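Hi everyone, thanks for coming.

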Amino acid sequence: MVGGFSILLWIGAILCWIAYGIQYSNDKSSSLDSVYLGSVLALVVVLTGIFAYYQEAKSTNIMASFHQMIPQQALVIRDSEKKTVPADQLVVGDIVEIKGGDRIPADIRLLSAQGCKVDNSSLTGESEPQPRSCEFTHDNPLETKNISFFSTTCLEGTATGVVISTGDRTVIGQIASLASGVENSKTPIGLEIEHFVHIVAGVAVSIGVLFFVIAVSMKYRVLDSIVFLIGIIVANVPEGLLATVTVALSLTAKRMAKKNCLVKGLEAVETLGSTSIICSDKTGTLTQNRMTVAHLWFDNQVFVADTSEDHSNQVFDQSSATWASLSKIITLCNRAEFRPGQEGVPVMKKAVVGDASETALLKFSEVILGNVMEIRKRNRKVAEIPFNSTNKFQLSIHETDDPSDKRFLVVMKGAPERVLEKCSTIMVSGQEQPLDRSTAQTFHTAYMELGGLGERVLGFCHLYLPADEFPATYSFDVDAMNFPTSSFCFVGLLSMIDPPRSTVPDAVTKCRSAGIKIIMVTGDHPITAKAIAKSVGIISANSETVEDVAKRLNVAVEQVDKRDAKAAVVTGMELKDMSPAQLDELLANHSEIVFARTSPQQKLIIVEGCQRQDAIVAVTGDGVNDSPALKKADIGIAMGITGSDAAKSAADMVLLDDNFASIVTGVEEGRLIFDNLKKTIAYTLTKNIAELCPFLIYIIAGLPLPIGTITILFIDLGTDIIPSIALAYEKAERDIMNRKPRHKKKDRLVNKPLAVYSYLHIGLMQALGAFVVYFTVYAQQGFRPSALLNLRVEWEKGYVNDLEDSYGQEWTSYQRKYLEWTGYTAFFVGIMVQQIADLIIRKTRRNSIFQQGLFRNKVIWVGIASQVIIALILSCGLGSIVALNFTMLRPQYWFVAVPHAVLIWVYDEVRKLAIRLYPGSWWDKNMYY
Amino acid sequence: MTKQEKKSFNQSLAEWKLFIYNPTTGEFLGRTAKSWGLILLFYLVFYGFLAALFSFTMWAMLQTLNDEVPKYRDQIPSPGLMVFPKPVTALDFSFSVSNPESYRGYINDLKKFLKSYGLEEQKNLTNCPSGVFREQNGPEYTSCRFPLVLLEACSGVDDPEFGYSSGSPCILVKMNRIIGLKPQGEPRIECILKGENTAVLSTYPSNGMIDLKYFPYYGKKLHGSYLQPLVAVQLIFGNRNDINEVTVECKIDGSPNLKNQDDRDKFLGRVVFKITMRP
C-alpha cells in the first residue's frame, strides 16, 4: 500500500551499507553505526510490511470463515451402482440423480424428471421456481427446460441427468471467470495514499538531492553527503504511517462488522464513504422479501393494512359483516400451512409451506383471527380446485362451522376480473346487493388504484349452496364441476406487495442528504418498481417521470422536455436500445432513476455508465450473475443471507443482514475514517519538518547535529504511533452525512493546504521550539549559540580533544559526543512535547477544541500518555545503551518547549476561528485542509 | 501505444506550460499576481513573527546564563589530555631529520602555542607559591606564571627547533581546562614508551609534575590571562640512521579525582601518540 516509502527506505538502507563499505575500505576500525542504521531501516520496512500483511490477512480470514467450506456431494450412477462422490470429481457423461433440496452439482441435461422445479434466481434473477422436464424447448441453454445449472437448487421433485459440463466450463463458471476478467481497479483510498506517497517521496527526494548537491559544492566529502542524504530521507518518510493507516482502517472495519457490514479488503472501508451512486437491488435489500397484505377493499372502501415487519398494528375497521365473510374466504381458500413444530415462533417468522401470496394471506389471517388451522378444521374442506394459470382462480368447498347451517360454502379467490365475471351480487355492509354497472365501476376504480400501487390484487367471492340441492352427503367432483361456478357474491379485494423494510425510507433520506444518488435496479415490473421506489423515497413524493408530466399536461410523451422530469423509470428493453451516450445523458439529467425489468447483465452496463460520470459506484447484488457488476463496481456489496458464494467472493463487502440501512452506517464510517486519516496524516507529516530542519541547519550553519537518525526513528515508530492511531477514534466534527460525497479528483486525502499547513506552519513552529530546547542544553553546558555556528568540523574531529567552549573549558571528543546525544534527547523531547499540542489541534479541522470536547475521545489521552512514557523510558531507562544515543535529561528541559506547544495550539485555534467566521474567504481556501 | 504515450506527453507538457503561466487567467504557477502577493505578504508577516518570537526566546534564554561560569559542568567532570604540536589528521607525528620542511609545521605550531608563555607576556602575572591551590574571590583574578625554563630542553629557548633537527623531538602535553577543577593529591603526567624501546624518554619538568598553584581555573572571562601548566616529552632516539617508530602513552597520575581510564573516552586523562622519525 505504501510501497513508495518502502523503496525510499530500502534506498536509505543500501546507502547506509555503501557508506560503511567506503568507510571500511578507508579505515578498518570505522564505527558500525551506519551498518546498524541500515539494518534498522531494513527491519522497519520488513516489519511494517509483515504487520500490514497480517492485518490484511486477518480481515480476509473473517471472510474465509464466512464461506461454508462443506464439500458438495453428488449422487452418481457409475458401474451400475449408485455412489456418493464429491461434486468436484464429476466428469462429463456421469449420470447424476437429484432430488428436492439438492444443489445441482454440475450443468446437466435431464433424462427424466418427476415434478422437478429449480430455483435459478442466483443465475438469472428469476425468483419464481422454474419447472424442469426432459423436453427440449429453446435453443438458448438458459431458456430450455431440459437443462439445470450448476449451483442452482432443486426445490421439489426428482430428476436424473447426464453431466454436460463441469467446473469452469459450466455457465456459472463462465460468469465467474467473466467476473475475474473484470479489471479490479484501485480503491479510492489506495489512490489517495499513492498520491500522498508521491508528494512525500517527491519532497524527500528533491530536498535530499538538493542538499546532496549543496553539501558536495560546500566541499563536504561525498561520504558525508551520503550520510546527509540518508538523514533527509529518514526524516521525510513517515515510517510508522503504513502501520497506522492499516490499524485505523482495521478498527473501522471492525466497527462496521459490528454494524453488519463485513468488509473484505481493508481499503474498501473508505470506499463506501466516498460513494456517490448506489445501484441497489430491490428485492430483499430495499424490501422485506416477502409478500404482505397491503390494502383491502370492501364496502366500497379502501383500507390500509400494516405492512411493517411484525404486522402488529392492524387498524382498519373490522366491525363490518363484510369483513367477517372476507376473512372467512381468506382463511379457507388457502392451501398454505405452517410447518409443524414452531409453537414459540412469532407468526411473521414462522416457516410456511406454500407460495408467496398464500403465505402472505395465511400470516395475515393468523395475525388478525388467531388460530387459522383451528378455523379450517371447523370448516372441513370437502373439495377444492387449485389455482392454475388457465383458470386464474382457486376454489374450495367447505362445511360451515355453524351446526344449524347445513349449507356448503363455496369460496373462491383469483384474478379480480375473473372473479368478478363469476359474480352476480356484491356484499356491502354484510348485505348482498345486485352487481350493477355503477358498483362494477367502483370495483374497477379500486382495482386500478391498487394495481397502480404496484400491488398484486386478488378478488374474493363466496356462495352458499342451497341445502336442498346439495345435501350433506353430496359428492363434489371437481373434474365434472357438478356445482355452480357462477352467481357468486363478490366480497372484496385484497392487494399484496413485498413491502419496503421499515428502516429503508429513513436510510434513503440520509443518503439523499449525504448527496448520494440511489438508483434502483430490479428485474421486477416497472409499476411495482416505481411504487416501491416511491414508498421508500428513491423517487421523492413531488417528483415526476416523463410519463407523469405527459399525463399531467395531457400531451404526448415525446413532447415533454426531459429535463422537466426529475425521475425516470427505464425498462430493460429501453436500456437495450440505448447508446452509451444516451445512457450518460439519462444518468446525468435525472436524479432519481429506476431500472426495471433489467437482466442482470445490464447491471454491468449501468455501473459502467455511472463510472463514466466520475462517480464512485456501490452496487448491491446477490446472484451469481451479479458478480461481474459487483466486481466492476468501486465497491460491490453482496447480501449475506440471500447472496450466493460467487457474489460474496466478487464483492468487497458483505451485508450480514441484507439491509439497505446498514449501507448508510457503512457510508458514515467510511466518511469518518477518511476525515480521520486526514488528521492522522497531518499529524504525522508535521514533525517531518522538525526532523528535517536539523539536517539542513547542520549542513548549512555547521551546528553540531541536533538530532540523530536513530532518534528520528524513535519518534516515527515510537512516540508517534499510538497518538496517530488514537485520531482514528475521533468523532465526526459536523454531521458528515449532510455533505456531498467527496469528488474523486478534487477532494484529495492530502491536499495542498494540508501539506502546506503541516510543513510550513506547524512543522516550522515545532522545529523552532525544538531548536530552543537544543540551544538551551548546549548553552547551559557551556556552548553558547554563537559558539556553535560553524563548529561542526572541529566538533566532529575525533582527534581534537581540547575543543574550547564559550567559557574557556576544553572538551574531549567523547565528552562532546555525549553532549551531542544529550542534544538529540533534548530535541527529541522538544518535538515530543509539541507533538502533544499537534495531536490536540488535529482533533478538529474546523471546530474549536472546546466544541469537540477535549475528553470525548479517551484514546487520545492514552496516546499522550504513551508519548510521555515512551520518551521517559528512552531517556531514563535506555540512556545507558550507547547505540540508541539517548541520555538522561534534566527535568526542566522537558518543559522548555511547552510555551511553543501552547503557541501552536493558540495559532491553530485562531486559524479555525477565522475559518468558521469567514467561510469561503481567502483564509478558508488556503488554511482549511 | 507509443502514439498514445506521445500524445499524453505532449498533453502534460501543455498542462505544465499552462500551469507555469496561464495567459487567460493571468495565473503564474497556479496563482494570480494578487494571490501571490497576498500569500507572500502572509508568509512575510507570519515568518517575521516567528523569527521575532524565536529571537526573543533565545534572548530570554541567554539572559538566564551566567557570563562567567556555565550553568552546568556535569558533562566534563574530569579533564582530557591533549598534545602539541596539534596533529593534522590523527595523533601521528612523522618527520625526517634531514628534511627541515617535514617538521617546520610542528615547530611553527609549538612556537605559536608557546607564544603566550613568552617572558614579555608573563610580565604581569604573579609568582605564586607552589604546592597549594590558588583560590581567589575576585573581583580581580590573577594568574600564576609558568616559566618556560621548566620545560628545559623543550622550552624552545635554547633550541628553537625543539629537538626536531637533532633527532630528539619534543611533544608538549597539556591537561584540558575545566572551571573550578581542583586535583587531589600530587598530579603528574607520566609518559611511557610502548613496545620496543628504541628511544629514551624524558619528561620536563622532571617527573611530569603539575603544580597545584595553577588550579582552580575561573573561566575565560574572569581568568583571561590564565596559563595552563605544561609537561614536555622528549624522545632521544639511539639510532638516527634508521626509521624509528615509537608509541608513547601519557597518563595523569597521582590524583584520585582525575580519571585516566575510561572505556569509551580514550582521551580522558590519557593520550596515546605515535612518532615516526626517518633519517
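Let's begin with A:D102 and A:K99, which form a salt bridge whose closest N and O atoms are 3.7 Å apart. By salt bridge I mean a side-chain nitrogen of Lys or Arg within 4 Å of a carboxyl oxygen of Asp or Glu. A:D102 has a relative accessible area of 22% and is partly exposed, and A:K99, at 48%, counts as partly exposed too. For these words, buried is under 20% relative accessible area, exposed is over 50%, and partly exposed is in between, using a 1.4 Å probe and protein chains only.

A quick word on the model: it is predicted, local features need pLDDT of at least 70, side-chain atom pairs count only at pLDDT 80 or more, and totals for chains, interfaces and linings use all residues. Residues are numbered from 1 along each chain as written, chains are lettered from A and ligands numbered from 1 in the order written, and side-chain values use heavy atoms, without hydrogens and water.

Next, A:D524 bridges to A:K282, with the closest N and O atoms 2.9 Å apart. This pair links distant parts of the chain, 242 residues apart.

Over all chains, the structure holds 53 salt bridges.

Definitions and conventions
Helix = DSSP H or I, 4+ residues; strand = E, 2+ residues; numbered from the N terminus.
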